[in-house]
Amino acid sequence: LNWQKQYVVQDMKKSVCRVWSELTFDRTAASAYIEEKYELPDGTLVSMGADRFLSPELMINPSLDLSFSKEFLELKEKEASSIISSSLPSMIRDSVQSAHVDLRKELVQQVLVVGGGSLLPGTIERLGKEIGQDLPTVLKARFLTPSNHQRLYSAWTGGSILSSLGSFQQMWLSKAEYEEYGAKSLLISRCKN
């Protein structure tokens, strides 16, 4: 997409999209919601019904529309299924489970949610439901949400800080290395425990 189209899509996402509140996305129930209208730069009005829930739902349940995702990412089928199979809740669960058992309670009560997708209405509530169904009843996930500005740009800020560290240069990957070995083998060799 060129930058103008990307801007329109991002603005549409911010204006009309929202995360489905229930654990299972139901297109029929979503269709019952009042359609939201979005005005394109040329004045055309676009009505969005159930589709305004579908795009954000892919963060929570990426297998919903795998054919669209594979096409969008322009990946081979095997690569796409390995990347797309991880939902946001499963990545959070896997991260907590990979930590030492004594740290898990503390980690699950300090989940930091950042990025543009975290700004969509309903994201935090849905993540709470998704993560909560796998936790013991005495344990409740707590999501930390900084200001909208910090949530939107925190990945860039963190990347900027990380890249400015002298020790980080040792971890850089060259284009030649990437093309020769591929991402997966480089990550395995460089990111050992």
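## Nonpolar cores

A nonpolar core is a set of buried Ala, Val, Leu, Ile, Met, Phe, Trp, Tyr and Cys residues joined through side-chain atoms within 4.5 Å. In this predicted model, the largest such core has 19 residues, and Ile131 and Phe143 touch the most other members. Two elements, α1 (3–16) and α8 (123–132), each give two or more residues to this core. Helix α1 provides the largest share, three residues. Apart from this core lies another, of six residues, including Trp20, Phe25, Ala50 and Leu54.

What is Ile131 in contact with, leaving aside its neighbours within four places in sequence? The residues are Pro89, Ile92, Arg93, Val108, Ala141 and Phe143. In soluble globular proteins, nonpolar side chains tend to be buried together.

## The chain as a whole

The protein chain has eleven helices and four strands. Buried residues account for 25% of its 193 residues. The accessible surface of the chain is about 13700 Å², and carbon and sulfur atoms hold 56% of that area.

Among contacts in the chain with a separation of 6 or more, 60% are between residues 24 or more positions apart.

## Arg52

Arg52 sits in helix α3, which covers residues 51–60. Is Arg52 buried or exposed? Arg52 counts as buried because its relative accessibility is 6%, and the cut-off for buried is under 20%.

A polar atom of the Arg52 side chain lies 3.3 Å from the backbone oxygen of Ile34. Ile34 is also one of the residues that Arg52 touches when those up to four places away in sequence are not counted.

Which residues make the nonpolar surface patch of about 380 Å²? The patch is made by Leu152, Tyr153 and Trp156. Leu152 belongs to helix α9, residues 148–164.

The relative accessible area of Leu152 is 34%, so this residue is partly exposed.

Technical notes:
Residues are numbered from 1 along each chain as its sequence is written. This is a predicted model: local features need pLDDT of at least 70, side-chain atom pairs count only at pLDDT 80 or more; totals for chains, interfaces and linings use all residues. Side-chain values use heavy atoms; hydrogens and water are left out. Buried means under 20% relative accessible area, exposed over 50%, partly exposed in between (1.4 Å probe, protein chains only). A polar contact is a pair of N or O atoms within 3.5 Å; within protein, one must be able to donate a hydrogen and the other to accept it, and residues adjacent in sequence count only if both atoms are side-chain atoms. Contact means heavy atoms within 4.5 Å. Accessible areas come from the Shrake-Rupley method with a 1.4 Å probe; for residues, only the protein chains shown count as cover. Patches are made of residues with over 30% relative accessible area and no salt bridge: like charges are joined within 9 Å, nonpolar side chains (Val, Leu, Ile, Met, Phe, Trp, Tyr) within 5 Å. A salt bridge is a side-chain nitrogen of Lys or Arg within 4 Å of a carboxyl oxygen of Asp or Glu.
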